[in-house]
Amino acid sequence: MSGRRFPRGVLFDLDGTLLDSAPDMLATVNRMRATRGRAAVTLAAIRPHVSRGARAMASAAFPDVAPEDIPAMVPEFLSVYADELGRHSRPFDGIEAMLLALEADGVRWGIVTNKPEYLAREILPQLGWDTRSAVLVGGDTLAERKPHPLPLQHAADAIGIAPGDCVYVGDDRRDIDAARAAGMPSVVALWGYRLDDDDPAAWQGDVMVERPDDLLSPAAWP
């Protein structure tokens, strides 16, 4: 299309990229701790782990539990989280304006997350994104999940745009590794969730962006 300013297609990670879901996660782990007679943990304690999934969240919430016992806590985490889903989370500041700018330019956008698909599908209507996102791929949608490239390749195929003509936006190294393996340019979302020893520059994404508002500028995109 002539006059297009933004990439033809944009795919996003969900937690830590589009959605500040840490407050939902905090409510979840604190309910789990309360049932065990334990004091609540703080948002600061669990926020860096949010993009790493249920097992990482359980480990952060129960650091004294042996690693081999953590997987047994995951079903409980997912059950409680499903009850808290969307009660406390919000899109990051600037996300909605950025999505509207993409849509106004005719960009097809979608979501590729490692969150189980049923949970992602449940929260999208709360955000009004279920009718706007052109594709949703969850962590259990396919035989592989990020950092494998298959979810991104599948999503690009679903929206009818070659991977090289899409951009993937994510806040975790797995996001950037998946994009590179898929032949898709990437944006490192620096507003997301990271451990203190993470070095986003080492992920070698195509660009690093401080705030969602920065993506209102076509020049910010790779």
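Modeller: The model is predicted, so local features need pLDDT of at least 70, side-chain atom pairs count only at pLDDT 80 or more, and totals for chains, interfaces and linings use all residues. Residues are numbered from 1 along each chain as its sequence is written, and side-chain values use heavy atoms, leaving out hydrogens and water.

Colleague: How many aromatic pairs are there by the ring rule?

Modeller: The count is 5. Rings of Phe, Tyr and Trp (its six-membered ring) pair if their centres lie within 6.5 Å; planes under 30 degrees apart are stacked, over 60 edge-to-face, the rest tilted.

Colleague: Why is the pair of Phe-6 and Trp-221 called edge-to-face?

Modeller: The centres are 6.3 Å apart and the planes stand at 80 degrees, so the pair is edge-to-face. Phe-6 and Trp-221 lie 215 residues apart in the chain.

Colleague: What makes Trp-109 and Trp-129 an edge-to-face pair?

Modeller: Their centres are 6.3 Å apart and their planes are at 90 degrees, so edge-to-face it is. Ring pairs also link Phe-12, Trp-109 and Trp-129 into a cluster.

Colleague: Why is Trp-109 called buried?

Modeller: Buried means under 20% relative accessible area, exposed over 50%, partly exposed in between (1.4 Å probe, protein chains only). Trp-109 has 1%, so Trp-109 is buried. Trp-129 is at 0%, so Trp-129 counts as buried.

Colleague: Which charged end sits over the ring of Phe-62?

Modeller: That of Arg-33, 5.7 Å from the ring centre. The rule asks for NZ of Lys or CZ of Arg within 6 Å of the ring centre and within 35 degrees of the ring normal.

Technical notes
Helix = DSSP H or I, 4+ residues; strand = E, 2+ residues; numbered from the N terminus.
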